[in-house]
Amino acid sequence: MNPFSATISRASHRFPFLAAAALALACATLPLQHSAAQLKEKSVSSSTDPWWKHAVVYEIYPRSYQDSTGDGIGDLNGITSRLDYLQKLGVDAVWIAPMYPSPQVDFGYDISNYESVDPQYGTLADMDRLIAEGQKHHVRVLLDMVLNHTSDKHQWFIEASSSRTNPKHEWYVWNDGIPADSPGVTPYQKRFEHDGPNGKVVPPNNWISGFGGSAWEWVPAVRQFYYHEFYKQQPDLNWRNPAVEKAMFGSMQFWLDRGIAGFRLDAIPSLFEDLQLRNNPELGGINAQGDPNVGNTYTDNLPEVHDVIRRMRAMIAKYPGDRVLIGETYLPNTAELDKWYGGTAHNELQLPMDMLIGFHGLHAKLSAADFRQRIEEVETQIHGAQPLIVFDNHDNVRAIDRYGDGIHDDQINKLLATMLFTTRATSLMYYGQEIGMRTTTPTQRDDVRDPIGITGWPNERGRDGERTPMQWTPGPQAGFSTNPHTWLPIPPSYKTINVAVESKDPNSQLNWFKKLIALRRDIPALHGGTMTMLDTSNPDILSYVRSTGSGPAVVIAMNFTAAPKTITLNLAGSGVTGTTVKTFAASDATLTSISTLNNITLPPYASWIAGVQ
Ligand code: GLC
């Protein structure tokens, strides 16, 4: 089976905006025209910029990075032992996926205590040491904050589900259900029928869980349903109750006080659901989990969430050191993304993730025109705020596999990295991306660990493939663990795709990533210059120039096709006047001696970065 289709079906189910976004893109007229006002909003860097504006943020899935105890599972001390590596790579901050105490149904995204560390991963003292050692290595620590739901084993939910009169009951989203014979009840709703106090009841509407089944789970003790957007072991919190906000902000402060640099906010657009419980739109057909396809109009991205985010921003603003809020924001378009910055007020998240650039590829091919359109949109339509680009995470097939053609995969991974590190956006990368790690999806159901891959097999094979252990060496367990029984198997590719081997190869993925990150740090135009698209009607080559107005400007060009393509770059209109061209980095040796902007031939999927003075 095509390994991508699993993720496509998951993504379009969990994140139906993606399908809408891809369609909108396909219908968009591509020539780029912006009003003078939009262009004026483009930002240039200044010395007072907060650290996150030029940062490279590196996501770590803690189970899979480095095992220091020999139990086959990664841990915090393992991460600390790799800080030298991260510093040399040029990473400014790590985002650590949830490491809190958890039953691990959703591998940490089901939290049972927000103010501690799961013993599998270490102790609070280990976390303090990671933060302190990180500071010495200039690597900040960002934590993942799951605000939409808790684990069903969290003390709050245990109390909440014990009786309707328990003070914690109103911390979650409950419903009595509707009589099973109510008009309009569907056969699907009837599958979830229970004995209510006055007869048979079914869930109040057609909301389904992104992870399978009805989003409503019955609790006999209270004779009510509770709402869960994800697994039933992840009950949604009731954010209309001020006590919930108070408790959650308190937990965030607990970590901010310990010196973390900010948070990645999990599933943050999902905090609120429609009070009238209206049915989500039916989209037709069934998904990989066997449920009807429905949209998320009434369960996602409701306007109420922005009030919470503004208060959260005000809360973290009280801390010194530019603490940052990054959002997991799958949204349908850039106008919606702009709202997550707070529009002109810039008073919400500093860095909501732009998932339209890096993840629209779940549905689209590698296309210079599509990426140009997307990058220009976020450059010009977010009121001068700072974009955040990301191609890889722990929920989706790795970009090298999504965009790779099986022949030029290495060049394509380098091209994606070139986009990631050379636009004006803050860069967010995922462990293993820098060595070209592949998605290794289980081939039999018995091997699957991610529950959605078990319930959805074979159409949905889960997310294990993008969560396999980091490949450090060609030795036993790829240097990840001393234990031959690692929590997920080490992919067979580890013999050649690993940090040790790639460090010695000047043309490796790893050295390409290192070089780009260093250029971005050291060359002012790449660090914080403006960005102007070049050759904007070229369907095959994406090119742009970065400039501060003084010192060398930097030209970037990438061939998005499998054939060699020749371009002549005209800088007139970009304000850059220099004509002396010097290659800073090229993914193909034929490009290193180029000294002109005329008739440059880029080999298939090649990337070229040059100074112009
Ligand atoms: C986010 C996480 C994903 C998790 C889900 C529920 O999408 O990235 O891994 O399963 O939220 O917390």
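How many residues does helix α6 have, and how far does α6 reach from its first C-alpha to its last? In this predicted model, local features need pLDDT of at least 70 and side-chain atom pairs count only at pLDDT 80 or more, while totals for chains, interfaces and linings use all residues. Residues are numbered from 1 along each chain as its sequence is written, and side-chain values use heavy atoms, without hydrogens and water.

Helix α6 (residues 124-136) has 13 residues and reaches 19 Å, close to the 18 Å expected at 1.5 Å a residue; the expected span is 1.5 Å times one less than the number of residues. Helices (H or I, at least four residues) and strands (E, at least two) are DSSP runs, numbered from the N terminus. D126, M127, L130, I131 and G134 are the buried residues of α6, where buried means under 20% relative accessible area, exposed over 50% and partly exposed in between (1.4 Å probe, protein chains only). These residues lie on the same side of α6 because they cover an arc of only 140° around the axis, taken from the directions from the helix axis to the C-beta atoms. A125, Q135 and K136, on the other side of α6, are exposed.

Now to the aromatic rings. Rings of Phe, Tyr and Trp (its six-membered ring) pair if their centres lie within 6.5 Å; planes under 30 degrees apart count as stacked, over 60 as edge-to-face and the rest as tilted. By this rule there are 28 aromatic pairs. Y100 and W255 have ring centres 5.9 Å apart and planes at 70°, so the pair is edge-to-face. Y100 lies in the loop between β2 and α6 and W255 in helix α9, 155 residues apart.
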